[in-house]
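Open your viewer and load the model, then follow along stop by stop. At each stop you will be told what to select and what to look for there.

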Amino acid sequence: MSALAETQRQLVDACVRQLGSAASVLEWGDGAAMVHATRRLGTGGRGVAIVADDKTYQAAQAAIRDGGGGGAAAREVFFVPLASGADAVEGFAGVRDYALFPTSLGQPFSLIVVAGPASAACVAVGWLLLDPKGVMLLRRRASDGDADGAIPRSAASLTISGPPGSDTFLLVAKEAAVVEAIAADLAPDLGTDLGTDAPRGRPTQQSRPRPSCVFVNQYYPEFLAAHYLEHPHLNWATYAEQKASLQATCFGESDFYSRGLQQAGWSAEDLIVNGPLQLTWAREAGLSLTNEIDILVEQLRRLKPQVIYLQNLGYATQENLAKLRPLAELIVGQIACPVPEKTHVPGLDIVFTSFPHFAEQFRKLGTTSYYQPLAFEPRVLDAIPTTPRDHLLTFVGGIT
């Protein structure tokens with residue numbers, strides 16, 4: 001066994017000792033770390049490995065068939081190849097299936113090992129799947145520094161050197177206490193078996209403030225009127241109660257974007273800038289404001305976000321953007337419909353769109369733009385009943 005592999009085994013052992021025998025393990029790599037970890041787990045444990053090439057997949061399957069060195073935990077290996085040859089695609093699209101496959105398993109993981117290709121994408125997805133008291137072990141290759149940028153600023157981390165001249169490792173957790181406990185466990189070996197450059201100090205929560213974003217939403221006036229008519233008590237309810245009632249309907253983007261950013265370590269907030277809700281906020285704040293943009297400006301002054309994210313580009317007029325510009329570092333917008341007539345695209349820093357041709361048009365105007373395919377929030381399924389279907393497929397809506 002190589003010195004690098006032995007270092008990885010020692011780190012996995014220390015992680016499992018802190019997580020307990022019922023831990024769940026996910027590995028993007030060759031499956032070795034998962035098999036080794038599950039040897040120490042009991043019947044309540046589970047190990048999953050995502051492998052990108054067939055030869056490694058066959059070897060991992062053989063290791064499991066041969067018993068994998070004992071252990072009572074369940075083990076599975078999935079072969080999810082990267083796009084190659086004529087199907088090769090640059091960027092995230094080329095590794096999408098490989099990185100996202102674990103999300104289909106429907107569970108969080110206590111220990112996540114990132115030791116394969118596409119490490120940046122796997123770290124980003126792994127952070128969302130990581131149990132609050134779990135830990136991620138990232139094998140950092142000198143040729144792949146992109147993964148560091150996928151680690152949220154809120155993460156607690158500890159860098160550990162491998163053998164001289166080899167890869168290093170990074171322990172990442174959502175709670176600093178988790179990394180501290182693993183570091184204490186490893187303390188007798190730090191600086192010896194784990195490499196002379198291994199840190200001896202106590203890991204600390206990163207001191208940089210969390211990045212922050214406010215999502216500016218506008219709901220259809222017809223929806224708002226119908227909702228308040230159906231729930232008349234909301235006319236006298238608090239701002240928090242009204243907002244919770246509106247978002248519980250899962251209308252539009254609801255809190256889907258903000259929840260995603262919060263899971264990634266951001267501070268994120270939603271504002272619904274039209275309708276009775278805003279007037280209630282102004283009243284509770286002791287303000288006599290009634291104009292939508294004036295109330296929004298006051299809210300943003302108090303929230304102090306780094307990013308203002310406009311879900312409706314109809315709000316991105318030149319006049320409105322002039323008022324919003326001093327209130328954040330970036331003004332971002334998204335669009336999935338024809339561009340409203342008064343939208344001032346050059347006044348936006350970034351535009352996300354589910355229309356690929358829009359991205360090209362916006363770039364020609366000098367605005368950074370990204371194609372962002374539409375997605376579905378699984379929480380919606382928990383909010384609707386299961387009923388018989390009249391049609392196998394139903395489309396509601398339009399493109400205008």
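Of the 400 residues of the chain, what percentage count as buried? The figure is 44%, where buried means under 20% relative accessible area, exposed means over 50%, and partly exposed lies in between (1.4 Å probe, protein chains only).

Before you start clicking, note that this is a predicted model, in which local features need pLDDT of at least 70, side-chain atom pairs count only at pLDDT 80 or more, and totals for chains, interfaces and linings use all residues. Residues are numbered from 1 along each chain as its sequence is written, and side-chain values use heavy atoms, with hydrogens and water left out.

**Stop 1: the whole chain**

Switch to a cartoon view. The chain has 14 helices and 13 strands; helices (H or I, at least four residues) and strands (E, at least two) are DSSP runs, numbered from the N terminus. Among contacts between residues at least 6 apart in sequence, 60% join residues at least 24 apart. Contact here means heavy atoms within 4.5 Å.

**Stop 2: the sheet of 7 strands**

Select β1 to β7. They form an open sheet in the order β3-β2-β1-β4-β5-β7-β6, with mixed pairing; two strands pair if DSSP finds at least two bridges between them. At the edges you will find β3 (74-79) and β6 (156-160), each pairing on one side only. Neighbouring strands in this sheet are turned by 15° against each other on average, direction ignored.

Now zoom in on β1 (residues 24-28) and β2 (residues 46-51), which run parallel and are joined by 5 bridges. Pick W28 and look across to β2: its bridge partner there is I50.

Helix α3 (residues 54-65) lies across β2 and β3, running at about 165° to β3. For these angles, axes are lines fitted to C-alpha atoms, for helices over the stretch in contact, and angles run from 0 to 180 degrees between N-to-C directions.

**Stop 3: the sheet of 6 strands**

Select β8 to β13. This open sheet has the order β9-β8-β10-β11-β12-β13, with parallel pairing.

Look at β8 (residues 212-217), which runs parallel to β9 and is joined to it by 6 bridges. Click F215 and you will see D270 of β9 standing opposite. Then show helix α13 (residues 356-364), which packs on the sheet, touches β11, β12 (350-353) and β13, and makes about 170° with the direction of β13.

**Stop 4: helix α10**

Select residues 276-284. The buried residues of helix α10 are L277, Q278, T280, W281 and A282, and these pack against α7 (221-230), α8 (239-248), β9 (267-272) and α11 (292-303).

Finish with T280, which is found in this helix. Is T280 buried or exposed? With 4% relative accessibility, T280 counts as buried. Leaving aside neighbours within four places in sequence, T280 is in contact with A237, T238, Y239 and Q242. Following α10 comes G286, whose phi is positive, near 75°.
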